[in-house]
Amino acid sequence: MKIIAAKKLLKANDKYARENRERFTASGTYTINVVGSPGCGKTTLLEALMENLGGRASPAVIEGDLASTIDAQRIESRGIPVVQINTEGACHLDATMVAAAADGLDLDGIDLLWIENVGNLVCTAGFDLGEQLRLVILSISEGDDKIVKYPTIFQKADVLVITKVDLLPQSDFNLQRAESDMKHLAPKAKIFQVSARQGQGIDELADWLLRTSHGE
Ligand code: MG
Ligand code: ZN
């Protein structure tokens, strides 16, 4: 019987993640790993941000999903370079998948690379992809208790984006609770409230991301 320890696999992932990070840095590509549960609004947020950033950045997207090219088609229809990774059952992206996807992109011409991870609040937290920024999404419809229930992914994030705030009037989601839970877990993380549908908060988030990607 052969037994592979999960720790060893993660160590191997860290090595590939380091190589990815060196490659992204060398090509001047600022890379953002977008994590959150299925249906939290990852793709919709990306669409709104890219629309907002317009000519201010040269973006590309790596889309991670178990199956289908639905999200990649949405991005491609905007004329943005995109590579779809179908994980065929795997519930997270790892650094080798991202390396293979990056081979399909002209990194020198890309200054903002979005990696939309598989919708999952659990094991996506454990895999460094070589990104410079990790952005976690929590939508109003998921409930305000998720930060406490799934702490690892929130703890490891650089920025929390609370999405679908247009649904607040129909919901008992307590924004104060979510923000104070996040500040407790990840005191340095930035927090934004947005509605990608109605445009609320998108200007602030897009501007902050652009400044951050320029090292400001
Ligand atoms: Mg999506
Ligand atoms: Zn997984």
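So, E88 is exposed, at 73% relative accessibility; exposed here is over 50% relative accessible area, buried is under 20%, and partly exposed lies in between, with a 1.4 Å probe and protein chains only. E88 also has a positive phi, near 50°, and it isn't a glycine. You'll find E88 in the loop between strand 3 and helix 4; helices (H or I, at least four residues) and strands (E, at least two) are DSSP runs, numbered from the N terminus.

Before I go on: this is a predicted model, where local features need pLDDT of at least 70, side-chain atom pairs count only at pLDDT 80 or more, and totals for chains, interfaces and linings use all residues. Residues are numbered from 1 along each chain as its sequence is written, chains are lettered from A and ligands numbered from 1 in the order in which they are written, and side-chain values use heavy atoms, leaving out hydrogens and water.

There's another residue like that, S68, with a positive phi of about 80° although it is no glycine. S68 sits in the loop between strand 2 (59-65) and helix 3 (70-76). Buried or exposed, or something in between, for S68? Partly exposed, with a relative accessible area of 32%.

Okay, the metal. Which residues coordinate the zinc ion, ligand 2? C91 through SG, H92 through ND1 and C123 through SG, at 2.0 to 2.2 Å. Donors are N, O and S atoms within 2.8 Å of the metal (3.2 Å for Na, K and Ca), and water is not among the atoms, so sites may look incomplete. Along the chain, the spacing of these donors reads C-H-x30-C. H92 is buried, at 14% relative accessible area, while C123 counts as partly exposed at 21%.

Now zoom out. The protein chain has eight helices and seven strands. For 216 residues, a compact globule would have a radius of gyration near 17 Å, and the chain's 17 Å agrees; that's taken over C-alpha atoms, and the globule rule is 2.2 Å times the number of residues to the power 0.38. Buried residues make up 52% of the 216. Of the contacts with a separation of 6 or more, 72% come from residues 24 or more positions apart, contact meaning heavy atoms within 4.5 Å.
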